[in-house]
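Student: Could we go through this structure together and check what stands behind each label?

Tutor: Gladly. Have a look at it, and then ask away.

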Amino acid sequence: MILSLGHGAILTVGRDVDRAKRAPEAFTALGLLAIVALAARIQTFGNPVLGFDEQFYLLVGDRMLQGATPYVDIFDRKPIGLFVIYAGARLLGGDGFVQYKLMAACFATGTAWVIFLLARRHTTRFGATAAAATYLLWLDFMEGEGGQASVLYAFPMALAAKAVAHAAAGRGRTRRFGAAAMAAVGLATQVKYSVLIEGIYFGCALLWLGRRDGEPWDRLIASAAMWITCAALPTALALAWYAGHGHAHEFLFCNFASVLGQQRRPIATELAGLAIIAGIVAPLLAGVVASRPWRDKDAVTGVIAGWLIASIASLLAYGRFDSPHYGIPPLVPCTILLAPSLDGARRRRTAIIASLGVVWAVGQTVLAVSEREKGGREAALAVAAAARPAKGCIYIYDGYPALYMQTHSCLPTRWAFPGHLATVDEASSAALGVDPVAEVARILAAHPDAIVDDFPRFAFGNPATRRILEGALAEHYHLAACIPTGHSRIRLVYRRGPGNSRAPSACPHTLVS
């Protein structure tokens, strides 16, 4: 018995010494990854119109600090946790645009650090760092260079994976690590509900680990109940807050029921988007296959491999592929499994560093092309200057949601995200809780000071709301500015009242002929 205790003490001391040795390298890696994250995103910080989604999240966060309540005063389907994060970024001061990008860079760095810690179990410090850096650089190919929801929730999901990995590596601690993992999943759920399938996978993995460790069924069932509670608690607390303020209906409709009313894009469009996502992720998946992780009988590797499969299943089940950012979730488990193949002798390491440099350069080119296609800071400021209201509100029928902040405009509608009222996907009260035709008519009857539109017209626009808009523009507005925001896209600013007979420069011929 004494020998057994002594042996256990020696093992404990050995683990403590090992952890002490690895602590400096872990924090060195964190610093290096922070530099990589900033280098990968550096050219985006000055662009206030990086992505429509994150512009809108910042707008909601900003209006929350001014007293607005999401779902009640501003419609959207994202969980409240996402808007709380953006409200927090808005508290950092400034105009909010640089601040939220720095906040997102911190989240991405945190995710990369967890990738390093998990990969370090089965490879050298170099291989783990290279894998984590690959994650940060690959985000630039997937519209993940800013604050997309999938960039933010990747951090708590990575922490959940780390807790499950601890349970897989140890014996008899599944309940404790399971509670931590499912609490992290619960937080991720309040950033985006699409993590549900991955969360269910982690729960199933924990149950399997519990049985592996010989836990009796009654204890395992009690653990499962606790884990489910941990995962559901953040959403339950959010619902309880809304119910306590008399807005349970708005919360439940926006978060859950409204998604059933959305229409799908044509299957050919979605398949084309899925092909793009597959093409971007394919090199990483090929690297994982080449490293043959199935040869490793370690339980932790099995957990991460299962997570990769679950993340791909989640991506496919979500069913929307029109933007590359929908393909971000598999990146984390993929780069963890890729780590052992990103190592080798000095010559191979030199080649890997050079390859990462090439990936960075290509990523910067992708970002530059994207800004040229979508417009950047100068274009956004020009549109804001042309649309700034003399009094009252502007209305963005199709254009940058950031303009509401840039022009200090009030919101003319609860449905402030342009796509909610202007696209065929949302063309029903089942999707929005209001008839979009009636709502657009109401907005226009209030005579907004300026209206922002886009040319060429969006391929999946709502023809019914478009007809109402064009009638109001012809009767009460004049085309005041046409501002190119790319070589093939022009933002149109209409102002109320008669205008000059001369058309503004850069206007499409079809609008002024």
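Student: Why is Tyr71 called buried?

Tutor: Keep in mind that this is a predicted model. Tyr71 has a relative accessible area of 0%, and buried means under 20%, so Tyr71 is buried. Its place is the loop between helix H2 (52–65) and helix H3 (80–90).

Student: What makes the phi of Tyr71 worth a remark?

Tutor: Phi of Tyr71 is near 80°, a positive value in a residue other than glycine. Most residues other than glycine have a negative phi.

Student: And why does His408 count as exposed?

Tutor: The relative accessibility of His408 is 69%.

Student: Is Cys254 buried or exposed, and how do you know?

Tutor: Cys254 has a relative accessible area of 1%. The cut-off for buried is under 20%, so Cys254 is buried. Cys254 belongs to helix H10 (residues 248–257). Leaving aside neighbours within four places in sequence, Cys254 is in contact with Tyr71, Phe75, Asp76 and Arg77.

Student: Why is Leu38 called partly exposed?

Tutor: Its value is 39% relative accessible area. Leu38 is in helix H1 (residues 2–41), and together with Val98 and Leu102 it forms a nonpolar patch on the surface, with about 210 Å² of accessible area in total.

Student: What makes strand E2 largely enclosed?

Tutor: Five of the six residues of E2 (residues 450–455) are buried, so the rest of the structure largely encloses this strand.

Student: How do you know that E2 pairs with strand E1 and with strand E4?

Tutor: Two strands pair if there are at least two bridges between them. E1 (residues 394–396) and E2 share three bridges, in the parallel sense, with Ile394 opposite Ala450. E2 and E4 (residues 490–496) share six, in the antiparallel sense, with Asp454 opposite Arg491. Both counts reach the cut-off, so both are pairs.

Student: Why is the peptide bond between Phe455 and Pro456 called cis?

Tutor: Its omega is about 0°. Most peptide bonds are trans. Pro456 lies in the loop between E2 and helix H20 (463–476).

Methods:
Residues are numbered from 1 along each chain as its sequence is written. This is a predicted model: local features need pLDDT of at least 70, side-chain atom pairs count only at pLDDT 80 or more; totals for chains, interfaces and linings use all residues. Side-chain values use heavy atoms; hydrogens and water are left out. Patches are made of residues with over 30% relative accessible area and no salt bridge: like charges are joined within 9 Å, nonpolar side chains (Val, Leu, Ile, Met, Phe, Trp, Tyr) within 5 Å. Accessible areas come from the Shrake-Rupley method with a 1.4 Å probe; for residues, only the protein chains shown count as cover. A salt bridge is a side-chain nitrogen of Lys or Arg within 4 Å of a carboxyl oxygen of Asp or Glu. Helices (H or I, at least four residues) and strands (E, at least two) are DSSP runs, numbered from the N terminus. Buried means under 20% relative accessible area, exposed over 50%, partly exposed in between (1.4 Å probe, protein chains only). Contact means heavy atoms within 4.5 Å.
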